[in-house]
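Please look over the sequence and the model below before reading on.

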Amino acid sequence: MAVLSEALTQILIPAAALNGIGFALLQWLLVSKVKVSADYGKKDGYKDKLIEDEEEGPEDVDAFIKCSEIQNAISVGATSFLFTQYKYLGVFMGAFAVIIFLFLGSVKGFSTQSEPCTYNPGNLCKPALVNAVFSTIAFLLGALTSVLSGFLGMKIATYANARTTLEARKGVGKAFITAFRSGAVMGFLLAANGLLVLYVSINLFKLYYGDDWEGLYESITGYGLGGSSMALFGRVGGGIYTKAADVGADLVGKVEKNIPEDDPRNPAVIADNVGDNVGDIAGMGSDLFGSYAESSCAALFVASISSFGITHDYSAMSYPLIISAMGIVVCLITTLFATDLAEIRHVNEIEPSLKRQLLISTILMTAGIAVVTFFTLPSEFTLFNFGTEKAVKNWHLFFCVSIGLWAGLVIGYTTEYYTSNAYSPVQDVADSCRTGAATNVIFGLALGYKSVIIPVFSIAIAIYISFSLAAMYGIAVAALGMLSTIATGLAIDAYGPISDNAGGIAEMAGMSHRIRERTDALDAAGNTTAAIGKGFAIGSAALVSLALFGAFVSRAGIKTVDVLTPKVFIGLIVGAMLPYWFSAMTMKSVGSAALKMVEEVRRQFNTIPGLMEGRAKPDYANCVKISTDASLREMIPPGALVMLTPLIAGTLFGVETLAGVLAGSLVSGVQVAISASNTGGAWDNAKKYIEAGASEHAKSLGPKGSDPHKAAVIGDTIGDPLKDTSGPSLNILIKLMAVESLVFAPFFAAHGGLLFKLL
């Protein structure tokens, strides 16, 4: 038995989660202290004033009033969009919950009789109908937690953006701390809420299931399905919204009218800033929550049919949850290095500080994993391995979790190398703009394809080592290892859009060039960290989906997945096609919405007298409406493709073909997602490299409005849907199809393959 008792385990997990929530609230309290000398009424739902005494020379008080007004407009726009989106998703949640109940309940003809357990037939397990009910409840809990994660992230980001702008008056260090603290609020709330809801759900379900841990943890997999299904629609809908506005604003504003980014004369500028919050913040929050929920559920399911579950060793069974609890504590310590122990004094220190967060959290977490492993797990035990039992030692699992953790760091640093304008790959892309947009596009695509190599080798090594040591459970905890520092990862990721919004507010409020330079420096570092966050999300999705694939194969009763079998191979080739079909849908959606946005922005510039001269105000609301309508309408087809594929493949073609579909989509999706995200990130930072003019080389390509700069802007607009819509959504595709297949596996095993049965 483990050293850690069940009673202590029951205390430590919720204690760590509550500690994370407390720390998040403390960071929010510190951000809220960015206040003012005179009350400017209630804005953004908070009785705060955003005007402070200027510390670096006089500024127009009107500019500060404008900051508050713009923040309010962005917050109202983002909240309005998310509420509208959640109404649609509420209908979907209800309909899909009914489908889960009907499919799983029909496995044994809605019987209320206890059944022999699937993996331990000598014992009796709860009826299939009960599993259907609890799987449906778990799905709804996961969906609600995912929605809450995204919504809280958006509210925090819109609360912090203007505060970051105002702190930039005092220096880049103050602005950095405000933006990073705000990101930390989101990171810790998401990590702690995800852990707490899962922990409470397991304990409540246990009141009914008792010793039937196989049924308990099988029904808990619905939690991961709920989390990822909401994340898919959040990512796709938010991505279409933000990129339609961004592309429209850039093409007309920068290229045609030669006005700065976020210029208040641009009609699409508010929609663009709203989009940063609903896509990059709310979408990413739901996405990483989904990965966390699925990796936990995959590990718990495999453990429940191993010796942990059979001997009812609660502490060992809770190993994935204790790893996540340790991660919250480690991230809490790591955050203090950025906010309290090291002060940013120069713009050059921003990116290294964020990179140090990754390194410090990884090193501390490695020690934390060792402590958790040796206190939680017995020295020797067995794990389920496709019908056999694999003997494993506790130090094997230490290496599995650690390899996932360090693979995440390698992927993060590789992504940073290929997307940061501090290194030669992006500088080469910027240099290619000398000869126009075509060479810029060629160089950018080549960079994206090349950037796949090291992450894929890292994932491959992590898979081989973790599977060799601890079978499918090893891969599941490796994914959890990669996500164990999710609070720090999300803080770094959310920092980017907050800084981007801060720069937009500074420009729209007419604040000084000095302040805009500082917010631009924060934003440039944020672009790179956003790419790092996407790298983590894609890498963890690959490991998570493989672990879920293994659990599905086990639950569906498949002995081997033989690629030479026609049933499997047709699934494999169709599965490999799905990421391209999905990307085509999302890219076309952004293109169609951007087309309408460009036409609307042109119309306003041509028909509103005095708009270019700044004497008249644009109609921001019309552009917001275009983005909102397009995203809500266009998110449905890609979502339906992902949600219906496993149901159709499993029901009509059977579990072998579905296994092929999952394997094909995993292998293909990872490559497409990494290359798309990094290509877009590189084009964005190549444009910023030219705009900043920080080196002689960059100055030779500029200034803003030069032909190389216009070529860079075109590359950036092409990359926008790649890095913020298609790329990030693909990682949800591969893991969502896998977790959905696992949840419906009992039905597919019992009634699947109707077409082949008829033939």
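**Aromatic residues and helix packing**

At a relative accessibility of 7%, Phe23 counts as buried (buried means under 20% relative accessible area, exposed over 50% and partly exposed in between, with a 1.4 Å probe and protein chains only). This is a predicted model, in which local features need pLDDT of at least 70 and side-chain atom pairs count only at pLDDT 80 or more, whereas totals for chains, interfaces and linings use all residues. Residues are numbered from 1 along each chain as its sequence is written, and side-chain values use heavy atoms, with hydrogens and water left out.

**Aromatic rings**

- The structure holds 27 aromatic pairs, where rings of Phe, Tyr and Trp (its six-membered ring) pair if their centres lie within 6.5 Å, and planes under 30 degrees apart count as stacked, over 60 as edge-to-face and the rest as tilted.
- Phe23 and Phe188 form an edge-to-face pair, because their ring centres are 4.9 Å apart and their planes stand at 70°.
- This pair links distant parts of the chain, with Phe23 in helix 1 (residues 6–31) and Phe188 in helix 4 (residues 172–209), 165 residues apart; helices here are DSSP runs (H or I, at least four residues), numbered from the N terminus.
- Phe188 is buried as well, with a relative accessible area of 0%.
- One aromatic cluster is formed by Phe92, Phe96, Phe103, Phe139, Phe233, Phe744, Phe747 and Phe748.

**Helix packing**

- Helix 9 (residues 319–341) packs with helix 14 (residues 453–483) at an angle of about 20°, their axes being 10 Å apart; axes are lines fitted to C-alpha atoms, for helices over the stretch in contact, and angles run from 0 to 180 degrees between N-to-C directions.
- That angle makes helix 9 roughly parallel to helix 14 (under 35 degrees counts as roughly parallel, over 145 as roughly antiparallel, 65 to 115 as roughly perpendicular and the rest as oblique).
- Tyr319, Pro320, Ile323 and Ser324 of helix 9 make the contact with Tyr473, Val477 and Leu480 of helix 14, contact meaning heavy atoms within 4.5 Å.
- By class, this contact of helix 9 with helix 14 has 6 nonpolar, 1 polar and no charged residues (Ala, Val, Leu, Ile, Met, Phe, Trp, Tyr, Cys and Pro count as nonpolar, Asp, Glu, Lys and Arg as charged, and the others, Gly among them, as polar).
- Helix 3 (residues 128–167) and helix 5 (residues 213–256) pack at an angle of about 35°, with axes 6 Å apart, and the residues in contact include Phe139 and Gly142 of helix 3 and Gly226 and Gly227 of helix 5.
- The contact of helix 3 with helix 5 has, by class, 11 nonpolar, 11 polar and 1 charged residues.
- Helix 11 (residues 394–419) and helix 12 (residues 424–431) pack at about 25° with their axes 5 Å apart, and that makes helix 11 roughly parallel to helix 12.
- Tyr417, Tyr418 and Thr419 in helix 11 meet Ser424, Pro425 and Val426 in helix 12.

**Two buried residues**

- Gly526, found in helix 16 (residues 513–555), is buried with a relative accessible area of 2%.
- Not counting residues up to four places away in sequence, Gly526 touches Tyr495 and Gly496.
- Ser675 lies in helix 20 (residues 655–692) and is buried, with a relative accessible area of 10%.
- Leaving aside neighbours within four places in sequence, Ser675 is in contact with Gly448, Tyr449, Ser451 and Val452.
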